[in-house]
Amino acid sequence: MRLTFPHGEHPDVPLSQERLTIGSGEGNAVVLPAPGIAARHAFVATDLGGTWLCLQTDAAPAHVNARPVRRLALLRPGDVVTLGEVRIVLSAPVTPVDDPQTLSPPAAADAGAGLRVVLRGVAGPHFGRAYALDVPRTIGRGAGADIRLPDPAVAERHVEVALQGDRVVLRCLGPDGCNVNGEPVRACELRPGDQVVIEQHRFVLEAPRRDLAAAEAAADALAAFDDMAAEPEEDVAAPREQGGTMVWWLLLAAAGLAAAITALLVYAPRMSG
């Protein structure tokens, strides 16, 4: 995968590093002296079971696909990251295929072979909706499309997605193509996690196993984020140890207070009698 800059603010950057820093200050892997970019704006981490955008300051504005990011966000290939006024696209290679003339429904053997995948909307009027690929699905503006996009820039039958044996194939039906993982295509093979973009509409190919792995990776990322964002020279072991000791003292004090109240309630009536 690589970071691309549609407006030429920076050359393409391959994500070969585990942590790619972005900011306007010198010393960042990607230096962007542009309006709205903090000296240490964000970094992209690729070592947590996925690709993550992590903000290094609360004052640094960031959006992913026009949605604001508060602390960190999981990135998919094809996502558009906006830092200040700079747009960055996370691009990934796709597997081209010969443009098939017809996409046929999957065979009965394929339907029960654990290959069930869905096309889920992640931006636009179909956000959150899932369409199983048990039959070929057409996306377009026309009334006959399985997934209708009320957008004059979209063809009546723009794209078709279907199972072909043991793979998922996309082909463009109209004169205009589409983007998959940030790359313009006419026909290609789709894999779970690939993102299909038609104008402002976005769909992701999903599979249950990948979703579970992504959820586990998100939990790991949230647990590790503070350590990744901290300065390496700062030693926080002593304050943590001191804080842990204080917690135990508070627990012991609470237990002692509870015992005293219990004794007072139990023995006070006997003593007064």
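The paragraphs below take these topics in turn, for a model that is predicted.

The largest nonpolar core has 24 residues, and L170, C178 and L190 are those with the most contacts inside it. Two or more residues of this core come from each of the elements β17 (159–164), β18 (167–172), β19 (178–180), β21 (187–190), β22 (195–198) and β23 (201–206).

The next topic is a sheet. Six strands form an open sheet in the order β2-β1-β11-β10-β7-β8, and their pairing is antiparallel. At its edges lie β2 (13–14) and β8 (67–68), each of which pairs on one side only. Within the sheet, strand β1 (residues 2–4) and strand β11 (residues 86–91) run antiparallel and are joined by three bridges; L3, for its part, has L90 as its bridge partner in β11. In general, the strands of a sheet pair through backbone hydrogen bonds, in either a parallel or an antiparallel manner.

The cysteines come next. A disulfide is a covalent bond between the sulfur atoms of two cysteines, and the structure holds zero disulfides. For C172, which is in no disulfide, the nearest cysteine sulfur is that of C178, 3.8 Å away, whereas the cut-off for a disulfide is 2.5 Å between the sulfur atoms. C172 is buried, with a relative accessible area of 3%. C188 is likewise in no disulfide, and the nearest cysteine sulfur to it, again that of C178, is 6.7 Å away. The relative accessible area of C188 is 0%, so this residue counts as buried, given that buried means under 20%.

Finally, there are the aromatic rings. How many aromatic pairs does a search of the whole structure find? The search finds zero aromatic pairs. Rings do, however, take part in another arrangement, in which a charge sits over a ring: the charged end of R19 sits over the ring of F43, at 4.2 Å from the centre of that ring. The charged end of R67 sits over the ring of F127, in this case 4.7 Å from the ring centre.

Definitions and conventions: Residues are numbered from 1 along each chain as its sequence is written. This is a predicted model: local features need pLDDT of at least 70, side-chain atom pairs count only at pLDDT 80 or more; totals for chains, interfaces and linings use all residues. Side-chain values use heavy atoms; hydrogens and water are left out. A nonpolar core is a set of buried Ala, Val, Leu, Ile, Met, Phe, Trp, Tyr and Cys residues joined through side-chain atoms within 4.5 Å. Buried means under 20% relative accessible area, exposed over 50%, partly exposed in between (1.4 Å probe, protein chains only). Helices (H or I, at least four residues) and strands (E, at least two) are DSSP runs, numbered from the N terminus. Two strands pair if DSSP finds at least two bridges between them. Rings of Phe, Tyr and Trp (its six-membered ring) pair if their centres lie within 6.5 Å; planes under 30 degrees apart count as stacked, over 60 as edge-to-face and the rest as tilted. A charge sits over a ring if NZ of Lys or CZ of Arg is within 6 Å of the ring centre and within 35 degrees of the ring normal.
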